[in-house]
Amino acid sequence: MSTTKTGLEADFYARFGLEAPAGFTAELARLSLAPDATAALSRILARRSYRRFTDQPVPEAVRAVLLACAQSAPAKSDLQQYSILDLRDPAKKSALAELCDTAWMADAPVLLVFCGDLRRAQRACDIHGHAYQQNTLDSFMNAAVDAALAMQAMILAAEAAGLGCCCISQVRKRLPEVAELLNLPDGVFPVAGLAAGWPDEARDVTYRLPPSIVVHRDGYDDTDLGSELDQYDQRRHAARPLANQIKPEKFGTAEFYGWSENAVRRLAEPSDLGGLRGYLEAHGFDLA
Ligand SMILES: Cc1cc2nc3c(=O)[nH]c(=O)nc-3n(C[C@H](O)[C@H](O)[C@H](O)COP(=O)(O)O)c2cc1C
């Protein structure tokens, strides 16, 4: 990376391995963003997942403010259709880590499970004597999105406070057992876990797909996907080559093994999180 880049231009380069758009730095300079705004943008551009944490506990007041930030996320129709499980009992944390096949999460000072929650609204309908009419696929998606936005608000808040985080979709690996462990009733489903604490490892910022294939101006257009993916693979490989190929005994050993070959090999195998529909249908969701 060029040493001449500073500030958000350097952060942009570190995020994508690409030059920032023309005029980026000059225009930002003209806008004279407040230093704390620049610092916040820089922190978001440099975010990465952490999976190892020091033993230092996260004080109750910090937890409380971070959870309040999580609840400050926007929510569909202000319905707030999510719940957050805050695991404190070490035995429960270990049991969850085991169900997720993810040993490191047991040691995270903060371990949360963000859940979509249609139950609360259904109970509120009962309390008010109205018939609930929205047990639909759309409501399921709204609840999942609400939970995800709350989780992301928590991540941004935690990182602003100096903590590191990692999301954990593995909480959906053994859904019935996880639901039993967490006492999840019908109408509530885990979206993802979130481990957080003071980082005890160095992690790289990994290059993201270029904005040119993720951000579509005025209408979807993926005409150049093949060549853009190839360039992305090359950039990523030059900066951080992938150490291991997925299942060479099945897929062969690729001479050049980039991000997209790795991604498609993952996608060419069934997911180990496949039981969601059956779980939901057995636990109060119509998905109609
Ligand atoms: C919804 C979601 C679920 C994830 N689940 C896991 C997980 O189960 N285990 C894990 O180690 N990382 C998990 N991650 C972290 C991703 O692997 C990580 O974000 C991705 O590799 C990009 O790395 P970065 O966050 O450091 O940029 C998850 C991320 C998201 C958004």
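Strands β2 and β4 run antiparallel and are joined by 8 bridges, which makes them a friendly place to start a tour of this predicted model. The chain has 288 residues, of which 23% count as buried. Its secondary structure comes to 13 helices and 4 strands, and its C-alpha trace spans about 65 × 55 × 45 Å along the principal axes.

**The sheet**

- The 4 strands form an open sheet in the order β1-β2-β4-β3, with antiparallel pairing.
- At the edges sit β1 (82-87) and β3, each pairing on one side only.
- On average, neighbouring strands of this sheet are turned by 25° against each other, direction ignored.
- Strands of a sheet pair through backbone hydrogen bonds, either parallel or antiparallel.
- β1 pairs with β2 in the antiparallel sense over 6 bridges, and here Asp86 stands opposite Leu112 of β2.
- Leu112 also stands opposite Leu194 in β4.
- β3 and β4 (residues 188-197) pair over 5 bridges, again in the antiparallel sense.
- Leu194 of β4 has Cys167 standing opposite.

**A covered strand and a helix across the sheet**

- How many residues of β2 are buried? The count is 8 of its 8 residues, and the strand is described as mostly covered.
- Both faces of β2 are covered. One side carries the buried residues Val110, Leu112, Phe114 and Gly116, while the other carries Leu111, Val113, Cys115 and Asp117, also buried.
- Helix α7 (residues 137-160) lies across β1, β2 (110-117), β3 and β4. The helix runs at about 155° to β2.

**The chain as a whole**

- The domain assignment gives domain 1 (7-45), domain 2 (60-202) and domain 3 (211-267).
- The C-alpha centres of domain 2 and domain 3 lie 31 Å apart.
- Among contacts between residues at least 6 apart in sequence, 79% join residues at least 24 apart.

Notes
Residues are numbered from 1 along each chain as its sequence is written. This is a predicted model: local features need pLDDT of at least 70, side-chain atom pairs count only at pLDDT 80 or more; totals for chains, interfaces and linings use all residues. Helices (H or I, at least four residues) and strands (E, at least two) are DSSP runs, numbered from the N terminus. A residue is buried if 20 or more other C-beta atoms lie within 10 Å of its own, exposed if 12 or fewer, and partly exposed in between; C-beta atoms are placed from the backbone. Two residues are in contact if their C-beta atoms, placed from the backbone, lie within 7 Å. Two strands pair if DSSP finds at least two bridges between them. Axes are lines fitted to C-alpha atoms, for helices over the stretch in contact, and angles run from 0 to 180 degrees between N-to-C directions. Domain bounds come from an automatic or database domain assignment.
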